Amino acid sequence: MPEQHAATPSAPTREKILLVRLGEITLKGMNRHKFEQQVIRNMKHRLKDLGHFSILQSHSRIWLEPDPATSPEGFSDDDQVDQVINRIKDVFGVVSISPVWRFSGGIEAIETMAVDYVGQLLSDGRKRTFKVESRRGLKSFPFQSPEISERIGGLLFERFSSQLTVQVKNPDFILYVEVREKNYLYSSIIKAHRGLPVGTSGHGLLLLSGGIDSPVAGYLMASRGMMLDAMYFHAYPFTSDQAREKVVELARLIARYAGRIRLHVVNFTEIQITLRDFCPPEMMTIVMRRMMMRIADRFAGQNQLKALITGESLGQVASQTLEALVTTDQISTRPVFRPLIGLDKDDTVSIARRIGTFETSILPYEDCCTVFVAKHPKTHPSLADALEAEKDLDIEALVTQGLAAIETEIITPRYDDCPQDGAL
Amino acid sequence: MALIYLDHSATTWPSEATIADYARDLHQVAANPASLHRLGQQAARLVQDSKASLARSLGCQTSEVILTSGGSESINMGLKGTVAANPKRGRTIVTLAGEHAATRETLSYLHRQGYIIRTVAIQSNGQVDLGQLEAAIDEDTVMLTLLLVNNETGVVQPLDEIVSIRNRKRPRAAIHVDGVQACGKIPVHFDQMGIELFSGSGHKFGAPKGIGFLLVKKGLSIQPLIHGGGQQSGLRGGTENAPLAASMARSLKCSVATLDSRLLQCHALRDRLLSELQSLGVSYVQISPGAAVPHILNLAFPGLRGETLQHALEEDDIYVSTGSACSSHKKGPSEVLRAMGIPVPTAECSIRISLSDSNTEADMVLAAQSIAQACQKYRR
């Protein structure tokens, strides 16, 4: 038996730390290490203004605690724990997080800690159902997993008989006991967003409008590990500065998951006026989208962005029929990812609600796509139709004009626990 | 080019004198009017003097003035407080189409509480259809509420006829008038109007934001919206803001004293703007009828969305509204324009220009030129 599991006469000490579980990354082969290091880098980046933390990876897990040199007992208060969880639950690659008690000692230490832990859990006086699940990673430990569960469960039931009832199926809480080089106790498992860590799947350019779809598309591509830049086409005075602010806010909300985003705002007004003056109204939307795609594609090429991302969904509106998508797709020299292409609008809305972009997306400011919408836009345009509609345009001059009028903003995430701007 | 502010119906800019007087009162009258010490009594006296001044400006008794936080609170209290205090008078509230959101939303709340809301149509000139109004009022009508001067079109409702219909058909029904856009802009004499409730808001006539009033006819039962320390005869809890009350009273007094000259000036400004637009060859639809108040002018420029024109003018430092400031964040054409039967494409191309005596004829010339340029560049 290792020394730390020998019976200890005095009360054992414990550290409050966080257990972070990784998901799909653990299925990776030789390059798994690269993914794990990236998720740790992303976590550290999120936490950098909250202090120094030790983040250690072991098997498919990460142990996170305040710097042991300054905080040997782990997290000192629950608010700090909540703050850290709030930051790292949105790091892609993380599957779940548990606040954990870590301590040394044998079965007696586990018993003492379990009573203490559950005592705190029951301090509100409410009755609860429970069970104990144990896992013995340290095979030299003298009790097998079922024995640990039985012993701890019996003890808790005896100590808290007025409040606790054993229930195997769907109990109010499960007390997890893990015996490894040290012992671990926890009862809550907070789900995170899974996926792959941002930074492991290249860098794409998201065409971000003020609607519901494009922020969700950005979120979904970031969840596959893609870093994001975003491009917004601003057409003041056809669209208001509030519409632009809304897009900035949406980018900020996506940055919570995707990390820092460079938002490139293209001044599209003069281009839009030219399109209005030279294109048939029923082809306006298609021609406009093709123009946006040209500017985005050229910009992506100049900035080493390997793919374009849009929030299009097949058949959702006139400009998203298969024929319309073919005419816009033809413009791009790089892959165009459309992660919503097969989703029902309700599904997109439910993701938007879950990631917190919905309420901002539905603010009623016009975006430039809706300003000159024809009463009866052409829903099944051919490439020939598009070329015919563009025949009077000096395409190259318009693209150059668009690229020359780009303002870039660096958008960083804003956390609820840490308001970053505001005059008050 | 200097800033040209043509959005005075959204809010007015307090004058230098108003700001100076208010700042002085903030320094000197900081005590709680409910405190029994000398400083408290000084503040209480300022509140009372302010109410007395408001009463003189509005043609009512001092005891009929309740200070509130602004127009929305006044309207909420006027409607909710009256129906709650008079449950035996009936369950039906009659209103007009195209009311301000503060009234619409309050009535929508009361509808959810079980009251019947009957909305009477307005005609293409923006005024109520008096025949329909007469038909809408019955024995169950507890009150009638209407916007005296429409905030988007400037249309004035024929209050005398409305009051006489009420007197004939249901004298027990109280009339609430939303006078937010009327106060200080047209003559208001509460006693002579024959109504029971009148709501006003200080920042629409030069006072700072955060203060308004509700006039309640003596003898009408009303319940408070805000319960508290028994202030204002128990009708509106919360420490009275003596400096704000004084500022509102001074602003209203000044507005009333200069009313005739300001009306003339706004007429001249409105005419000048329209004649400039005509001479520049700009086509427009005048939604505000000629009989509307002169300080509110609703114009549509078909082919150019109101929002686009608003932002284009902003580039020249000229500020106007699309619809009312309180509902311009809602998508879709204005309720009142739809109620007047204005076609949606026209309504979407409308802007509201609201004037004050701080505007000049030169402002009108520049605004017309800016509108003409925007039409040339952005109109479809």
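This is a predicted model: local features need pLDDT of at least 70, side-chain atom pairs count only at pLDDT 80 or more; totals for chains, interfaces and linings use all residues.

**A loop proline and its surroundings**

A: Pro364(A) counts as partly exposed, because 13 C-beta neighbours lie inside 10 Å of it.

Where does Pro364(A) lie? Its place is the loop between α11 (358-361) and α12 (368-371) of chain A. Gln242(A) is 122 residues away along the chain, yet the two C-alpha atoms are separated by 9.6 Å.

In chain A, 81% of the contacts with a separation of 6 or more join residues 24 or more positions apart. The chain has 424 residues, and 40% of them are buried. Its secondary structure comes to 14 helices and 15 strands. The C-alpha trace spans about 90 × 50 × 40 Å along its principal axes.

Next, a helix of chain A. How do they sit around the helix?

Now a sheet in chain A. Six strands form an open sheet with mixed pairing, in the order β14-β13-β10-β11-β12-β15. At its edges stand β14 (336-337) and β15 (406-411), and each pairs on one side only. Strand β13 (residues 307-309) runs parallel to β14(A), and two bridges join them. Within this pair, Leu308(A) stands opposite Val336(A). Helix α5 (residues 213-222) of chain A packs on the sheet. Its contacts reach β10 (203-207), β11 (227-234), β13 and β14 of chain A. The direction of α5 makes about 170° with that of β10(A).

Chain A also has a hairpin worth a look. Strands β2 (residues 53-58) and β3 (residues 61-66) of chain A pair in the antiparallel sense, over six bridges. Leu56(A) has Trp63(A) as its bridge partner in β3(A). Two residues lie between the strands of this hairpin. His59(A) takes a positive phi there, near 55°.

What of chain B? Its domain assignment gives domain 1 (4-12 + 259-378) and domain 2 (16-257). The C-alpha centres of these two domains lie 27 Å apart. Their contact draws 24 residues from domain 1 of chain B and 28 residues from domain 2 of chain B. On the domain 1 side, β10 (296-300) and α11 (335-339) of chain B each supply at least two residues. That side of domain 1 divides into eleven nonpolar, eleven polar and two charged residues.

Chain B has an open sheet too. Seven strands, with mixed pairing, follow the order β2-β8-β7-β6-β5-β3-β4. Here β2 (65-68) and β4 (116-120) of chain B stand at the edges with a single partner strand each, so one side of each is left without a neighbour in the sheet. On average, neighbouring strands are turned by 20° against each other, direction ignored. Strands β7 (residues 197-201) and β8 (residues 212-216) of chain B run antiparallel and are joined by five bridges. One facing pair there is Leu197(B) and Val216(B). Helix α3 (residues 71-85) of chain B packs on this sheet. It touches β2, β3 (92-96), β5 (141-147), β6 (174-178), β7 and β8 of chain B. Its direction makes about 160° with that of β7(B).

Ser53(B) lies in helix α2 (residues 38-58) of chain B. Is Ser53(B) buried or partly exposed? With 19 C-beta neighbours inside 10 Å, Ser53(B) counts as partly exposed. The reason is the cut-off: a buried residue needs 20 or more. Beyond its neighbours within four places in sequence, Ser53(B) is in contact with Ala249(B) and Lys253(B). Arg379(B) is 326 residues from Ser53(B) in sequence and 49 Å away in space, C-alpha to C-alpha.

Terms used. Residues are numbered from 1 along each chain as its sequence is written. Chains are lettered from A and ligands numbered from 1 in the order in which they are written. Domain bounds come from an automatic or database domain assignment. Two residues are in contact if their C-beta atoms, placed from the backbone, lie within 7 Å. Helices (H or I, at least four residues) and strands (E, at least two) are DSSP runs, numbered from the N terminus. Ala, Val, Leu, Ile, Met, Phe, Trp, Tyr, Cys and Pro count as nonpolar, Asp, Glu, Lys and Arg as charged, and the others, Gly among them, as polar. A residue is buried if 20 or more other C-beta atoms lie within 10 Å of its own, exposed if 12 or fewer, and partly exposed in between; C-beta atoms are placed from the backbone. Two strands pair if DSSP finds at least two bridges between them. Axes are lines fitted to C-alpha atoms, for helices over the stretch in contact, and angles run from 0 to 180 degrees between N-to-C directions.
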